[in-house]
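Let's take a walk through this protein, one stop at a time. Have the structure open beside you and follow along.

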Amino acid sequence: GAVRRAILLAEEHPNWAFLYQYANEANPRAHYETTGPEIWADCPEITHFVAGLGTSGTLMGVGTFLKEQNPDVRIIAVEPPLGEKVEGLRNLEEGYIPPVYEKWGGEQLLYRKRVVRPKESIEGTRMLAEHCGIFAGISAGAALAGARKVAGEIESGTIVFVVCDGGWKYLSTGAWTDDIDE
């Protein structure tokens, strides 16, 4: 509902700035022009790219670039189960498909989707902090959880995932302090 409301407000107030990351071409383009080439330069042996399915800008931009370099690279989206919420991610089956996902050929680009539950996302977030010293957000924890699932399914390969958000946005959620089952 927030996206629909923002669109209506933008239509009512044409002098307001509405960046609309779900449909803004600059979103995937930035990842195509910067993140993808950076990953390729640092890790040309990549076999799998895993990223959260939120606005889909990272997936579409990086995925498109990597597939142009090596068509065998598998692009894998991480999404929450239907009816469950993982901060920063969405399940496309719930009805909203980001326009950049459609415009950049998401259905053809993705090798598959991996479902990651909220608890797994928090576990991944805590692992990033405790084992890597990375203070990341919950969608980054979900990306790690998805990458770990992919690692458990393959015999060999090189998996890259993106830490896409900072932990500061989630300080009040108890992601690092509350009981994991709550």
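**A walk through the model**

At 47% relative accessibility, Thr 34 counts as partly exposed, since that value falls between the 20% and 50% cut-offs. Keep in mind that what you're looking at is a predicted model. Thr 34 sits in helix α2, and a polar atom of its side chain lies 2.5 Å from the backbone oxygen of Ala 30. Now look across to Val 62: Thr 34 and Val 62 are 28 residues apart along the chain, yet their C-alpha atoms are separated by 8.4 Å.

Val 62 belongs to helix α3, and it is one of the residues there that meet α2. So let's turn to that pair of helices. Two packed helices are described by the angle between their axes and the distance between the axes. Here, α2 (residues 26-42) and α3 (residues 57-69) pack at an angle of about 50 degrees, and their axes are 7 Å apart. That angle makes α2 oblique to α3. The crossing of α2 and α3 is right-handed.

Which residues of α2 and α3 meet? On the α2 side you'll find Asn 27, Pro 28, His 31, Tyr 32, Thr 35, Gly 36, Pro 37, Ile 39 and Trp 40. Across from them, α3 brings Gly 57, Thr 58, Met 60, Gly 61, Val 62, Thr 64, Phe 65, Leu 66, Glu 68 and Gln 69. Sorted by class, the contact of α2 with α3 has 9 nonpolar, 9 polar and 1 charged residues.

Next, step into the loop between β1 (48-52) and α3, where Ser 56 has its place. Is Ser 56 buried or exposed? With a relative accessible area of 1%, Ser 56 is buried. Its backbone is worth a glance too: Ser 56 has a positive phi of about 80 degrees, although it is not a glycine. Setting aside its neighbours within four places in sequence, Ser 56 is in contact with Pro 98, Val 100 and Tyr 101. With Tyr 101 there's a polar contact as well, as the backbone nitrogen of Tyr 101 lies 3.3 Å from a polar atom of the Ser 56 side chain.

Tyr 20 has a positive phi too, of about 45 degrees, and it isn't a glycine either. You'll find Tyr 20 in the loop between α1 (2-12) and α2. Its relative accessibility is 19%, so Tyr 20 counts as buried, because the cut-off for buried is under 20%.

Now move along to Asn 91, in the loop between β2 (74-79) and α4 (99-103). Asn 91 is buried, with a relative accessible area of 4%. What does the side chain of Asn 91 reach at 2.8 Å? The backbone oxygen of Pro 80. A polar atom of the Asn 91 side chain also lies 2.8 Å from the backbone nitrogen of Glu 93. Not counting residues up to four places away in sequence, Asn 91 touches Glu 79, Pro 80, Pro 81 and Leu 82.

Another helix pair comes next: α6 (118-132) and α7 (138-153), with a loop between them. The axes of α6 and α7 come within 7 Å and cross at roughly 95 degrees. The two helices are therefore roughly perpendicular to each other. From α6, the contact takes in Glu 120, Ser 121, Ile 122, Gly 124, Thr 125, Met 127 and Leu 128. From α7 come Ile 138, Ala 140, Gly 141, Ala 142, Leu 144, Ala 145, Arg 148 and Lys 149. The residues of this contact divide into 8 nonpolar, 4 polar and 3 charged.

In the loop between α6 and α7 sits Gly 137, which counts as buried at 0% relative accessibility. Leaving aside neighbours within four places in sequence, Gly 137 is in contact with Thr 125, Asp 165, Gly 166, Gly 167 and Tyr 170. Gly 137 and Phe 49 are 88 residues apart in sequence and 19 Å apart in space, C-alpha to C-alpha.

Our walk ends in the segment after β4 (159-161), at Ser 172. At 75% relative accessibility, Ser 172 counts as exposed.

Notes:
Residues are numbered from 1 along each chain as its sequence is written. This is a predicted model: local features need pLDDT of at least 70, side-chain atom pairs count only at pLDDT 80 or more; totals for chains, interfaces and linings use all residues. Side-chain values use heavy atoms; hydrogens and water are left out. Axes are lines fitted to C-alpha atoms, for helices over the stretch in contact, and angles run from 0 to 180 degrees between N-to-C directions. Helices (H or I, at least four residues) and strands (E, at least two) are DSSP runs, numbered from the N terminus. Angles under 35 degrees count as roughly parallel, over 145 as roughly antiparallel, 65 to 115 as roughly perpendicular and the rest as oblique. A crossing is left-handed if the near helix is turned anticlockwise from the far one by less than a right angle, and right-handed if clockwise. Contact means heavy atoms within 4.5 Å. Ala, Val, Leu, Ile, Met, Phe, Trp, Tyr, Cys and Pro count as nonpolar, Asp, Glu, Lys and Arg as charged, and the others, Gly among them, as polar. Buried means under 20% relative accessible area, exposed over 50%, partly exposed in between (1.4 Å probe, protein chains only). A polar contact is a pair of N or O atoms within 3.5 Å; within protein, one must be able to donate a hydrogen and the other to accept it, and residues adjacent in sequence count only if both atoms are side-chain atoms.
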